[in-house]
Amino acid sequence: MKASPYLVLALVLTVCFTLATGIEPRAASWSSRNKSNNVFGVLFGDGRRIFANQFFTMADVYFHSGYYPSVFDLREEGQKEIVEESHGHTDSPEDEIKEDFLGKPKDWIDRFGRHFRITKHTHLGGGNEREMLPWLRLAADMDPQKIETYTVGSFFLREHLNRPREAEAFLREGLRNNPNSYEILFELGRLYDENYHDNDRARDVWLLALDRWDEQFKNDPKGAKENKLAYEGITVHLAQLEREAGNWQQAIHWFQIAQKVSPDPNALQQRIDEIKKKMAAQPSPTNSQPY
Amino acid sequence: MNTIWALAGIVIKELYRRKDFYVLFVLTALITVAAGMVNFFDDPKIVRYVKDICMLLIWISALLIALVTTARQIPAERESRTIFPLLAKPVTRGQFILGKFFGCWLATGMALLVFYVFFAIITGSREQNWPWLMYLQAIWLQWAMLAVVIALSLLGSIITAAPSSTTTICFIAVAGILLVGGHLNTVALHQPQPLQTIFYTIYFLIPHLEWFDIRDRVVYNWGLVDWLDCVLATLYAAAFSGLFLLLTWLGFRRKSLNT
């Protein structure tokens with residue numbers, strides 16, 4: 001008996017359809033890839049995180065307008081300059097020397113080749129910082145758990161491009177992906193304080209950041225030591241906020257806490273002394289007790 | 001000279017009859033336009049990443065067009081046996097090589113021109129800036145570099161049997177020079193002997209194609225390269241192209257044409 005090819009085709013299609021209806025619900029639970037809400041998640045799965053660092057580096061390359069060491073140029077590994085910039089660091093003459101990874105030309109080929117390359121260390125400015133944003137956006141899509149992407153992106157958006165709304169949205173996205181991140185909360189507090197001048201929200205967010213920091217490191221003394229600068233940053237900002245609000249007692253309280261972890265407690269002591277002088281000269285009606 | 005231009009003309013016609021250029025151009029255009037349409041933080045002024053992607057695609061496409069077009073010239077003539085009537089006419093083997101070289105170089109130059117016009121339109125429409133001299137330098141230096149690549153590919157095509165192997169070997173060599181060539185001296189400094197000498201020898205022998213890559217200057221809007229440096233780089237490319245063409249001629253003039 002010879003079977004018709006159309007019948008065989010129909011049978012195969014029926015078997016395929018039946019199997020698909022049976023297997024599909026199970027297959028959905030095999031991988032979280034399909035549940036991802038971004039295209040990179042669907043394409044690369046968790047492998048996309050490998051690219052996140054590369055994209056973050058690209059943002060740093062753009063920040064330097066192409067003046068950037070290759071894998072062959074020996075340079076001290078440190079924090080990327082976009083991260084340092086977001087922490088308020090500016091280049092000193094020593095830093096400039098460190099950044100001169102090219103050094104003197106080694107031979108005539110090297111010397112002549114430099115006429116075509118970018119050999120000047122500069123940072124983006126005048127609104128051109130926007131050019132880094134695509135790479136930060138991509139880095140965030142590739143690795144939503146890479147916290148510095150959100151803090152650096154938000155810093156440049158609000159500080160250099162005067163776009164606090166977009167900065168807030170980016171930070172909130174980061175917070176959704178990393179609900180326990182004290183770094184993102186700290187940056188969010190800065191946005192409320194410096195851009196929106198909303199002291200109450202800034203205070204609340206920074207207090208929450210301190211709680212998160214405590215939760216994260218209460219059983220990890222080594223981690224606490226390594227991240228004490230973040231703790232100092234939050235407490236100093238809280239102190240400054242209270243000082244500006246005239247809550248001097250609370251300002252002193254936060255400065256004293258910051259002193260415990262600060263690499264330069266004397267500088268903080270000076271600020272405490274200044275507040276005490278002011279208090280002595282003009283007692284504040286809001287000398288309420290600290291939290 | 002007329003013989004050389006006649007041979008070159010055939011190669012140019014071949015380029016626009018084949019699909020390679022169209023496919024690569026459409027791919028470049030599609031990827032660039034798609035990248036340009038992505039919205040980052042609602043900022044329509046962001047443009048450098050589009051320039052970066054487009055320039056990279058132009059470099060890859062031009063390199064592929066140059067290599068693929070050149071690598072098949074001599075093997076195709078031999079395989080179809082059209083080389084016999086061609087050389088039976090008053091065409092010397094030297095003229096044949098030069099005709100093929102200029103044909104491939106001009107054809108690649110025309111393709112490059114189309115790519116750069118597209119690049120200028122796309123970036124100019126977003127940036128509202130038309131640095132024509134910068135584009136002229138970029139296209140000229142890239143074209144000069146492609147002359148070396150085409151001459152190298154012609155040399156490869158008389159050594160290896162199949163165009164595919166010539167294309168692959170030349171592509172790896174050129175990509176290697178572009179990516180690592182300029183850093184071999186740095187690498188050599190940190191190697192023990194005799195590796196140091198070997199690396200340094202390679203460094204001084206290879207054509208430094210990375211000089212001709214001024215994509216970063218275009219993308220980051222760093223002004224023009226000194227014109228004198230452009231002239232010197234052009235002479236450097238001409239010297240290497242001449243050397244490879246001479247080697248090709250030396251190899252080809254005694255080569256048996258039977259497949």
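A helix axis here is a line fitted to C-alpha atoms over the stretch in contact, and angles run from 0 to 180 degrees between N-to-C directions. Helices are DSSP runs (H or I, at least four residues), numbered from the N terminus.

The model is predicted: local features need pLDDT of at least 70, side-chain atom pairs count only at pLDDT 80 or more, and totals for chains, interfaces and linings use all residues. Residues are numbered from 1 along each chain as its sequence is written, and chains are lettered from A and ligands numbered from 1 in the order in which they are written.

**Stop 1: two helices of chain A.** Select residues 49-63 (α3) and 133-142 (α7) of chain A; their axes lie 8 Å apart at an angle of about 165°. The pair is therefore roughly antiparallel (angles over 145 degrees count as such). Now show the residues in contact (C-beta atoms, placed from the backbone, within 7 Å). Among them are A:F55 and A:Y62 of α3(A), and A:W135 and A:M142 of α7(A).

**Stop 2: where the chains meet.** Colour the contact by chain: 25 residues come from chain B and 21 from chain A. On the side of chain B that touches chain A, α3 (48-79), α8 (184-189) and α10 (215-219) of chain B each supply at least two residues.

**Stop 3: one residue of chain B.** Pick B:V218, in helix α10 of chain B. Is B:V218 buried or exposed? B:V218 counts as buried because 21 C-beta neighbours lie inside 10 Å (buried needs 20 or more other C-beta atoms within 10 Å, exposed 12 or fewer). Leaving out residues up to four places away in sequence, B:V218 touches B:K51, B:M55, B:M134 and B:A138.

Conventions:
Two residues are in contact if their C-beta atoms, placed from the backbone, lie within 7 Å. Angles under 35 degrees count as roughly parallel, over 145 as roughly antiparallel, 65 to 115 as roughly perpendicular and the rest as oblique.
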